[in-house]
Amino acid sequence: MNSLEFIKDLIKFIDDSPVSYYAVENARKILKENGYTELFENEKWDIKAKGKYFVVRDGTALFAINLGEDLRDGFDIIGSHTESPTFKVKSNPEMAENGYLKLNVEVYGGMIYSTWLDRTLSLAGKVVYEKEGKLVSSLINIDKDLLTIPNAAIHMNRTVNKDFAYNPQDNLYPIITTIKDKAQKDGYIQKIIGEELGIDPKAIIDYDLSLYDRQKGTIINDMYQIGRIDNLGSVHASLMAFVNSDSTKTNALILNDNEEIGSRTRTGAFSPFLGDCLKRFTLLSGGNEEDYQIAIENSFLISADQAHAIHPNFKGFSDPTNEVRMNEGLVIKIAANGAYSTNISSKARIIKIARDLGLKLQTFHNRNDKQGGSTIGPIASANLGIRSIDVGEPILAMHSIRELGGIEDHMDAYKIYKRFYEED
């Protein structure tokens, strides 16, 4: 598969994954197609030597592993996260005002508000409903042009191009339709869900719905543009490297949720999900607590989360001696404040892999006067004591509704991740 074919596969993966539930569901399908068996946390695990397994938590986080001969040799892991900034639908969301039906939503993650306006949007997520006296759940993607968040005309908002700031409480309600009677709003979302799933709206117990952009991904010369590159780009590259690698050692993949809001959830990096899975497989493979500690000391985690490329229109935002460019290679992310987990020993391993493959690497540092983000890397490294490095593909417009990446960088990331999984 060449770089262009691989980026088309990424675009399809992202287009098919409007929210984290679908990203994990699509990862589940890929793992099953490649011979991985699903295990469930609330059941006993019957595992075999050199087996291939995966576990899903709450539909938005996933752990996968292929077992090597001796787990004390350590786990080589790549970790990323499944969600991106969006708007989530609140409870009792219908609002009837001035002849319009609007939805009450709240901000999830650090988005660029303005990029969500004047776009065609829809809803996707998970629904819980009652069926024959039992609670069941279904994923839902309302695959049609459903709503939009329109701007105010410049004639009414003369400061929109100067110092205007969108207020998420007042200015960012999505509009669904015009209405003549406020009573039309009652149960509107339940009715849409009922029609989509073919169920009685009254059977719906709860839902977790998020907005997403209806425009499909596209290729612009040697770049590609689509939403959620941060961080489904890393999910895709690591997942494909994981299933395509030919290795006899123990490799693992962790896809966490909720990184964009601090990771302090049952499915986030602060949860015991990764550690619990690693320990459980160690014990079930005949090891003990000490064997697990030996395995952790011999383990290595690549925290894969996208990086900032230098912006030609905002050059002053970047560090003066570490200029990161698109289509110039995977980026090693470094921060003296510990926001990234990279250190001298973990850095050396990735540099050697890239050199062996004849691939370029770049380094990213924040400007001293700018506060950067963080990743799951420092959390996993601090919680478990795993040696770790932070890397990512360089992109522009991070946390916009549509981000921009380089075609060659995605293939470079895949090649490095695959070699990481395959090397002894």
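Predicted model: local features only at pLDDT ≥ 70, side-chain atom pairs only at ≥ 80, totals over all residues.
Let's begin with how the chain is divided. The domain assignment gives domain 1 as residues 3–84 plus 227–422, and domain 2 as residues 86–213. If you take the centres over C-alpha atoms, domain 1 and domain 2 sit 31 Å apart.

Now look at where the two domains meet. On one side, 18 residues of domain 1 are in contact, and they touch 20 residues of domain 2. The size of an interface is often given as the accessible area lost when the parts come together. Here, domain 1 and domain 2 bury about 1,500 Å² between them, with 62% of that on carbon and sulfur atoms. Within domain 1, the residues that lose the most area to domain 2 are Tyr21, Tyr22 and Ile401, which together make up 41% of what that side buries.

There's also a charged link to find: the count between the two domains is 1 salt bridge. As for salt bridges, Arg402 forms one with Asp213, and their closest N and O atoms are 3.7 Å apart.

Next, turn to two helices, H1 (residues 3–15) and H9 (residues 407–422). They pack at an angle of about 90°, with their axes 9 Å apart. H1 and H9 are therefore roughly perpendicular to each other, since angles of 65 to 115 degrees count as such. H1 brings Ser3, Leu4, Phe6, Ile7 and Leu10 to the contact, while H9 brings Ile407, Glu408, His410, Met411 and Tyr414. Sorted by class, that contact of H1 with H9 has 7 nonpolar, 2 polar and 1 charged residues.

Definitions and conventions. Residues numbered from 1 in each chain as written. Heavy atoms only, no water. Axes fitted to C-alpha atoms, helices over the stretch in contact; angles between N-to-C directions. Helix = DSSP H or I, 4+ residues; strand = E, 2+ residues; numbered from the N terminus. Parallel < 35°, antiparallel > 145°, perpendicular 65-115°, else oblique. Contact = heavy atoms within 4.5 Å. Nonpolar A, V, L, I, M, F, W, Y, C, P; charged D, E, K, R; others polar. Domains from an automatic or database assignment. Buried area = accessible area lost by both parts, 1.4 Å probe. Salt bridge = Lys/Arg side-chain N within 4 Å of Asp/Glu carboxyl O.
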